[in-house]
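Biologist: I'm new to reading models like this one. Could you put it on the screen and walk me through it?

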Amino acid sequence: MSALLTTSGLRISIAGHPVCDALDWQVVRGQHWAVLGRNGAGKSTLLHTLAGLRHADQGRILMDGESLDAIPPRDLARIRGILPQRQLDPFASTVLETVLVGRHPHLGRWDWESAEDRRIALAALEETGLKDLAQRDVLTLSGGERQRLAIAQLLAQQPRLMLLDEPLTHLDLNHQVALMDLMRRQAGSGTAVVSVLHDPGFAARYCDHVLLLFGTGTWLAGPTAEVLTATNLSCLYGHTLHELTDAGGQRWFVPA
Amino acid sequence: MPSRRRALAVLLALALLAGVSVAVALVAGSIPVTFADLLPALGSGSDSTATEVIRGLRLPRAVGAFACGGLLALAGALMQVLLRNPLADPYVLGISGGAAVGALAAMLAGLALAFVNLFAFAGAFTAMALVFGLAHGDNSWTRTRLLLTGVIIAAGCGAVVALILSIAPETRLRGMLFWLMGDAGQISNPWPALALLVAGIAAALPFARELNLLSRGDTLAQSLGVSVPRIKRIVYALASLFTAVAVTTAGSIGFIGLVVPHLMRMAVGNDQRLLLPASALAGGSLLVLADTLARTLVAPQQLPVGVLTALLGVPVFLFLLGRQPGGRS
């Protein structure tokens, strides 16, 4: 199996505060990683660094076998996509137009969106349950609808590595489950997914691997079954957590 | 999002409007010229009065007004993307303030028109370099910092302008006021501005889709493959140059740069591939029509065209704003 993302000796810090130190990590096609950590531990900073939106202090990041810095922006945008925490809409625009923005890295300088791009965009809206809103102005959407629109845009981008920063924000429970199911299908078709999550239960249910960031520069990465334990999570959040197993054998973690 | 075919149709219609507005400008005035005189006058060039009036007076003025209107609208559209602020206009970063200080200082010293233009351009360029240098200072080139620096420089220039006006002799005051309000009558050579307008559209269009992304946020643009710092510098340089040339050519004509991009956005949407050339054509046409009214409305008295652009633009803008539906099809 070829690694889509490899970090070696990666050190990242925010204003002198360490996020991770000597991070040696591999994300392989088809894997779904959860990134867990306390508020301010640097989960978003890590995602932004992996996406090439900011620089690391030290170490190397390889994207699809090539050094991240050496990949031209447009090529990079066809390999990895990121779902940011917040969406901005300073100007009015329709839902469909906003999804089509995701096609940018696939279009040449003088190209206009083709019928094929439109088909891909509509399929992405279908996947996120927004097809009926295609002609709505984004400024009239609710927080949850706007979040699903951002996910549709990422789907239209068709990256091989999806970096999701708190994808469940603003979503109702049914949409949270639908989104995680969608990401499971994405991983099943060979996309690698890295999600910053707040609920260890979702990580246990949907993610095959977990990366824990302890906020001091130390980290722990590995298969969910090994890493996601009540002991590790209690240490991570600084609060005792109990592990429960439901009738279906699914593990859940609840604060004491 | 318009299809390429629809975009071309819209631009063709606007080009037609531009042609009509220039034709009207050439015909209107105290010396009668008919539409029938236009072609011969522009073509072979007979030595009739009509030819002389058209070629010597009205054509340079109409072409200059068109070029300046186009440049201002284009600069305004670019600034609104760069600052991601619908209230941005070409003057928001103090470029017209710098130009005004230069031009009025030259007028105060009693220098010839050529020097007024030269000083205006030098002033605009100084303000542009100052804002860019200061905002760029600590390498964090944020919008807020850029906007604040521009607003402060503009305020400083405003104070100097007020100072010059208050100490200027009565005889020069009227010329200064006309310059400040924008006056197409002082255009001597319109062709450089027109050439820049054409070159400017050609330079901006290849980046138009990247500008679409930039208007949706830096992070989004960068994550979708846009080199954000580079394109911001290009946009800043282009918008500043357009503004400096427009202001140097015809004074600081207000309103066009703010309102035309908005009018076009309401009419054709926010796709920069269509919005940029459409704004340029519409801005040019609007300024030509406004200038024609300015010199014919109370002839032989001439009004400053800046007053006309505002008087025409405000009701049209409010009307469109009022009837704009929540979503666009």
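This is a predicted model: local features need pLDDT of at least 70, side-chain atom pairs count only at pLDDT 80 or more; totals for chains, interfaces and linings use all residues.

Biologist: Okay, what pLDDT does chain B average?

Modeller: In chain B, 95% of the residues score at least 70. The average pLDDT of chain B is 86.

Biologist: And in which helix of chain B is confidence lowest?

Modeller: Helices here are DSSP runs (H or I, at least four residues), strands are runs of E (at least two), and both are numbered from the N terminus. Confidence in chain B is highest in helix H13 (residues 272-296), at 94. At the other end, with a mean of 74, is helix H2 (residues 35-42) of chain B.

Biologist: Which element gives the largest share of the side of chain B that touches chain A?

Modeller: Residues are in contact if their C-beta atoms, placed from the backbone, lie within 7 Å. The contact takes 28 residues from chain A and 25 residues from chain B. On the chain B side, helix H9 (208-214) and helix H10 (218-223) are the elements that give two or more residues. The largest share, four residues, comes from H10(B).

Biologist: Now B:Cys157: why is it called buried?

Modeller: B:Cys157 lies in helix H6 (residues 143-167) of chain B, and beyond its neighbours within four places in sequence, its contacts include B:Gly94 and B:Ala127. The cut-offs are 20 or more other C-beta atoms within 10 Å of a residue's own for buried, 12 or fewer for exposed, and in between for partly exposed, with C-beta atoms placed from the backbone. B:Cys157 counts as buried because the number of other C-beta atoms within 10 Å is 24.

Biologist: Over in chain A, what is the order of strands in the open sheet?

Modeller: Strands pair if DSSP finds at least two bridges between them. Strand S1 (residues 3-14) and strand S4 (residues 58-63) of chain A pair in the antiparallel sense over five bridges. The edge strands, each pairing on one side only, are S2 (17-28) and S5 (66-67) of chain A. The order of the four strands in chain A is S2-S1-S4-S5.

Conventions
Residues are numbered from 1 along each chain as its sequence is written. Chains are lettered from A and ligands numbered from 1 in the order in which they are written. Two residues are in contact if their C-beta atoms, placed from the backbone, lie within 7 Å. pLDDT is the predictor's confidence in each residue, from 0 to 100.
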